[in-house]
Amino acid sequence: ASKPLSSYAEVDSGLQIMFLYVAASRLPPDFLKLAETYSSEYRETNDHFRKNDLMQAIRPQLEEKIAIAKSMPYGWMDIDDSDNLGAYDFARKGFPIEEFQSERYRYVNDASEYKLSWANHDQVAFAPVPDETVARQLESMRTNYSNKPRLKIFFFAQSADLNEQKVDALVTHVQITDQSGRVLAEYGPDGSVRVE
């Protein structure tokens, strides 16, 4: 949680999730399987000599990317769904965040078999926004389909679910932004909520 947000890396590809998964699993990498996902040329060739030559070239790249993921398991992801925020809750002075209302997962099409799930989704399911001016702005944006609020989710890849090829990511910080990326509200996990 003390890591500066500026040092988190953007995660916008399924291949990045794949490398985070391998790093978090702490198991020896299956380089044949990784090469199939990583390289379309490797995946599509039937010539086993060519496949072997490609593996010799690809393996050092795979090892490097796994090493980077191990040394830097911190990332952020931009979520641009139409229903990011629920209606303003006047009693609690904030917004329910739809992304975290249940155990969901995220994937990116270039390696969709690898997924990212929010391990502590219950702790970040509500965004406190005590400033009424900001809350009014977010509420009006929430119902305006051309200017929906976005979520910038910062996380730590803490472990891997080996049955589902899924990274269990611990959310460390959430920013609610406008379409241009300007931060309108931000918050961290609610420590009073127990993680399942």
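Reply: A salt bridge is a side-chain nitrogen of Lys or Arg within 4 Å of a carboxyl oxygen of Asp or Glu. The model is a predicted one, and by this rule the count comes to 13 salt bridges.

Me: What makes Glu-103 and Lys-166 a salt bridge?

Reply: The closest N and O atoms of Glu-103 and Lys-166 are 3.5 Å apart, and the cut-off is 4 Å, so the pair qualifies as a salt bridge.

Me: Which residues are linked with Glu-103 in a network of salt bridges?

Reply: The network links Glu-103 with Asp-161, Glu-164 and Lys-166.

Me: How do you know that Arg-150 and Asp-78 form a salt bridge?

Reply: Their side chains meet at 2.3 Å, N to O, which is within the 4 Å cut-off, so the pair is called a salt bridge. Arg-150 lies in strand β7 (residues 150-161) and Asp-78 in strand β2 (residues 74-79), so the pair ties together parts that are 72 residues apart in sequence.

Me: What is the closest N and O separation between Asp-80 and Arg-150, and what parts of the chain does the pair link?

Reply: The closest N and O atoms of Asp-80 and Arg-150 are 3.3 Å apart, and the two residues form a salt bridge. The pair links distant parts of the chain, with Asp-80 in the loop between β2 and β3 (94-96) and Arg-150 in strand β7, 70 residues apart.

Me: Why is Arg-150 called buried, and why is Asp-80 called partly exposed?

Reply: Arg-150 has a relative accessible area of 16%, which is under 20%, so the label is buried. Asp-80, with 40%, lies between the 20% and 50% limits and is therefore partly exposed.

Me: What makes Asn-120 buried, and which residues does Asn-120 touch?

Reply: Its relative accessible area is 2%, which is under 20%, so Asn-120 counts as buried. Not counting residues up to four places away in sequence, Asn-120 touches Ala-169, Leu-170, Val-171, Pro-189 and Val-195.

Conventions: Residues are numbered from 1 along each chain as its sequence is written. This is a predicted model: local features need pLDDT of at least 70, side-chain atom pairs count only at pLDDT 80 or more; totals for chains, interfaces and linings use all residues. Side-chain values use heavy atoms; hydrogens and water are left out. Buried means under 20% relative accessible area, exposed over 50%, partly exposed in between (1.4 Å probe, protein chains only). Contact means heavy atoms within 4.5 Å. Helices (H or I, at least four residues) and strands (E, at least two) are DSSP runs, numbered from the N terminus.
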